[in-house]
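Notebook open, two chains to go through. I want to jot down what I look up as I go, one topic per entry.

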Amino acid sequence: MNIVVVGLSHKTASVEIREKVAFAPNQMEKPLRELVELPDINEAVIVSTCNRVEIYASTHDVAGGMARLKRFLAGYHDISLDILEPHLYSYHGEAAIRHLFRVASSLDSMVVGEPQILGQIKTAYGYAAEYKASGIILNRFLHKAFSVAKRVRTETRIASSAVSVSFAAVELAKKIFGDLTDKTVMLIGAGEMCELAAKHFLNSGVRGVMVTNRTYERAVRLAEEFDGKAVRFEDLFDQLHKADIILSSTGATHFIIGAKDVEGVIRQRRQKPMFFIDIAVPRDIDPKVNDVANVYLYDMDDLQGVVASNLQLRAEEAKKAEGIIDQEIGRFFNWLSMLEVTPTIVALRSRFEEVRQAELAKTLASWKDLPPDGQKRLDALTSAITNKLLHPPTTLLKRTGQGGRTDLYVDALRQLYELETGEPQEEELGDLEE
Amino acid sequence: MNALLFYSTLCIYFIATVTYMAYLLKPRQILGRAAHWLIAGGFLLHCAFTVARYFEAGHTPITNLHESLSFFSLTIIGVFIAFERRYHVFILGSFVTPLALILMLASSLYPSAIPELPPALMSRWLFVHTTLAFVSYATFTVAFGAAIMYLIQERFLKKKQLGSLYQKLPSLDLLDEINYRCLTFGFPLLTVAIITGAIWAETAWGTYWSWDPKETWSLITWFIYAALLHGRLTTGWRGKRAALFSIVGFFVLLFTFLGVNLLPSESLHSYERLLGGKNR
């Protein structure tokens, strides 16, 4: 039994292609049922997000199974396989296991470390389980992927830091103020960056927004958008003490806020901290403001520096995560290998026993005057011979189950002795993970 | 039995401190939780030791350096656990438990023989006065730890060096809040400790206040924390200034606790004097 995956992602296909093969979340029953009815395909899980569409399946025939999945993906969405083929990737065995572990741990995401993907895979698995498209192999596989992702999340800091300028500003604010719910943000000027940052602050629960602009009408319009309060530009310094977080991005060619101004304001605030974010270039706020006690000033370069070092941190953490995944692949692969080994050993043993019993019966039937003692001895002798012969292959199989060419031996034994093994049963497999 | 309790406490404090240090370096939540339970276990043992010692001596065990250092350590850990539970900041332990461990190590260096207590000191006041004083000291020690953390975190934010320690330290607001809470608990305790001390002095020696070095330095400590509290409540002292004040206050407090013994003039509170059983 083997695990295969066929799919495409933001790395191999543009959004035009991705949207054509996406599966709607509320219509998963049909494709899942069709998949498991395909010959060669035993179990299937469909992961469909805006950045990737992937089908995971278990199959006895790797090449045939992958080809069928590709044809299914094209056929289901009415696209010619010739168009789709160049965007598709397919993996089997260890590579397929590594792929899902990396995807679930958000190492394959557009923004490495983003947290949504794990939830999306859980939902995808939910559908497969609901429509009984997944069985013991994919069940175990997906659960393993969840636990690997969890381990990566707790043991590395892959998702612990902001990788956009506006999120970086929010995180900094949290390190200064702790809770943001009773804080007020003031926007000075307007601009895309400034508004985006303001939105992030609002999402983090700040209490109020104040907006000021040289053109009062613009301030009013923007204030309405944020459900905030417009302030006349002339009143800036009368109102500044009410703001905890100040986002500035005016088109001014000189500093509009100096250290002296802020010293006055901070006294008025009885030293309650202030966080200035200067997004404007050229800058709006005198860098000396950062030297005032309880005041923190970050300009665009500072924020970009934070983002750059966070990205670097994520890259380093991603390496650690790959190490964790390597370990876990080994463990899961052992389990998967043993899935084949145990039934093969059982079948091999019963085959030998069958032959022995048959031959023994034949001999005893023709050897009438053999005393009971002799019969016993004959039984013991044949039993000893078969056991001696079976010992080396049994131990070899069990040992190679710990990561070797198990498939090779299992296939060889099956063909050599014409063994037939049924589907593996969960109970007899035991838990090899711990 | 007492020695066994003492050394197992010391041992667990050591392991807990190492775990807190590891937590400072490695981002594993489990380390923080392990350290928390270790220190809580150590604290229970330490309580058992102190109670056993109380019954053996027949009075609160704070009459020589061995006992007082251990008792100081006990109160620090107790107050720290309360704050850790309240604010969910394991990392506070990385800054506070080493102090308690050092005190325990120092305690282990002093003879553990139970001193004969002069009858004048055998009083309920011994328990009330010293416990209040030590709990207030412990609260200020936690404030000291939070203040150090504040200064580090504030420096990171001002210099824009946002490394892994920055990530792990809590927000400035929370650190300042801990500092303030410590002050609002510790200051009234210290005030009552000084007052009960004066009442006890009156019953034991016949005078409320004799400008003994310990008394003088306690008063200086009190004034420092009074100034900080006043500044916080009226002109909005906070942040870095409050942190620096707590650090200065802590060193003066340490001197009040230990340094006074080193002064040439003889203090009524000196542990050696207590040991000798001499009294005025």
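**Entry 1: a helix in chain B.** I started with helix 7 of chain B, residues 172–205, in what is a predicted model. Helix 7 of chain B has 34 residues and reaches 47 Å from its first C-alpha to its last, close to the 50 Å expected at 1.5 Å a residue.

**Entry 2: where the chains touch.** Next I looked up the contact between the chains: 17 residues of chain B are in contact with 20 residues of chain A. On the chain B side, helix 5, helix 7 and helix 9 (239–257) each supply at least two residues. Which of them gives the most? Helix 7 of chain B does, with three residues. I also noted the make-up of the side of chain B that touches chain A: six nonpolar, six polar and five charged residues.

**Entry 3: Phe140(B).** I picked Phe140(B), which sits in helix 5 of chain B. Buried or exposed? Phe140(B) has 28 C-beta neighbours inside 10 Å, so it counts as buried; the cut-off for that is 20 or more. Leaving out residues up to four places away in sequence, Phe140(B) touches Cys182(B), Gly186(B), Gly249(B), Phe250(B) and Leu253(B). I checked Ala193(B) too: Phe140(B) and Ala193(B) are 53 residues apart in sequence, and their C-alpha atoms are 14 Å apart in space.

Entry 4: I went looking for positive phi in residues other than glycine. Lys160(B) has one, near 60°. Lys160(B) is in the loop between helix 5 (124–159) and helix 6 (164–168) of chain B, and counts as partly exposed because it has 19 C-beta neighbours inside 10 Å. Over in chain A, phi of Asp227(A) is positive and near 60°. Asp227(A) lies in the loop between helix 10 (216–225) and strand 7 (229–232) of chain A. With 9 other C-beta atoms within 10 Å, Asp227(A) is exposed.

I also wrote down a cis peptide bond, the one from Val281(A) to Pro282(A), with omega near 0°. Pro282(A) belongs to the loop between strand 9 (274–278) and strand 10 (295–299) of chain A.

**Entry 5: strands in chain A.** I began with strand 8 of chain A, residues 245–249, and found five of its five residues buried. Ile245(A), Leu247(A) and Ser249(A) point one way from strand 8 of chain A, while Ile246(A) and Ser248(A) point the other way, and all are buried. Then I looked up the pairing partners. Strand 5 (residues 184–189) of chain A pairs with strand 8 of chain A in the parallel sense, over five bridges. Within strand 8 of chain A, Ser248(A) stands opposite Ile188(A). Strand 9 of chain A also pairs with strand 8 of chain A in the parallel sense, over four bridges, and there Ile277(A) is the bridge partner of Leu247(A). How does the chain get from one to the other? Strand 8, helix 12 (residues 259–268) and strand 9 of chain A make a right-handed β-α-β unit.

I moved on to strand 6 of chain A, residues 208–213, where five of the six residues are buried. Five bridges join strand 6 of chain A to strand 5 of chain A, and the two run parallel. Leu187(A) stands opposite Val211(A) in strand 6 of chain A. The path from strand 5 of chain A runs through helix 9 (residues 192–203) of chain A to strand 6 of chain A, a right-handed β-α-β crossover. Strand 6 of chain A is also joined to strand 7 of chain A by four bridges, again parallel. There, Met210(A) stands opposite Lys229(A) in strand 7 of chain A. Helix 10 of chain A carries the chain from strand 6 to strand 7 of chain A, and this β-α-β crossover is right-handed.

**Entry 6: helix 15 of chain A.** Last one: helix 15 of chain A, residues 406–417. Its twelve residues should span 16 Å at 1.5 Å a residue, and the end C-alpha atoms are 16 Å apart, which agrees. The buried residues of helix 15 of chain A are Thr406(A), Val410(A) and Leu413(A). They cover an arc of only 70° around the axis, so they sit on the same side of helix 15 of chain A. The face turned away from that buried side carries the exposed residues Leu408(A), Ala412(A), Gln415(A) and Leu416(A).

Notes. Residues numbered from 1 in each chain as written. Chains lettered and ligands numbered in written order. Predicted model: local features only at pLDDT ≥ 70, side-chain atom pairs only at ≥ 80, totals over all residues. Expected span 1.5 Å × (residues − 1). Buried ≥ 20, exposed ≤ 12 C-beta atoms within 10 Å, placed from the backbone. Contact = placed C-beta atoms within 7 Å. Nonpolar A, V, L, I, M, F, W, Y, C, P; charged D, E, K, R; others polar. Arc of directions from axis to C-beta. Pairing = 2+ DSSP bridges. Right-handed = clockwise from strand over helix to strand, strands pointing away.
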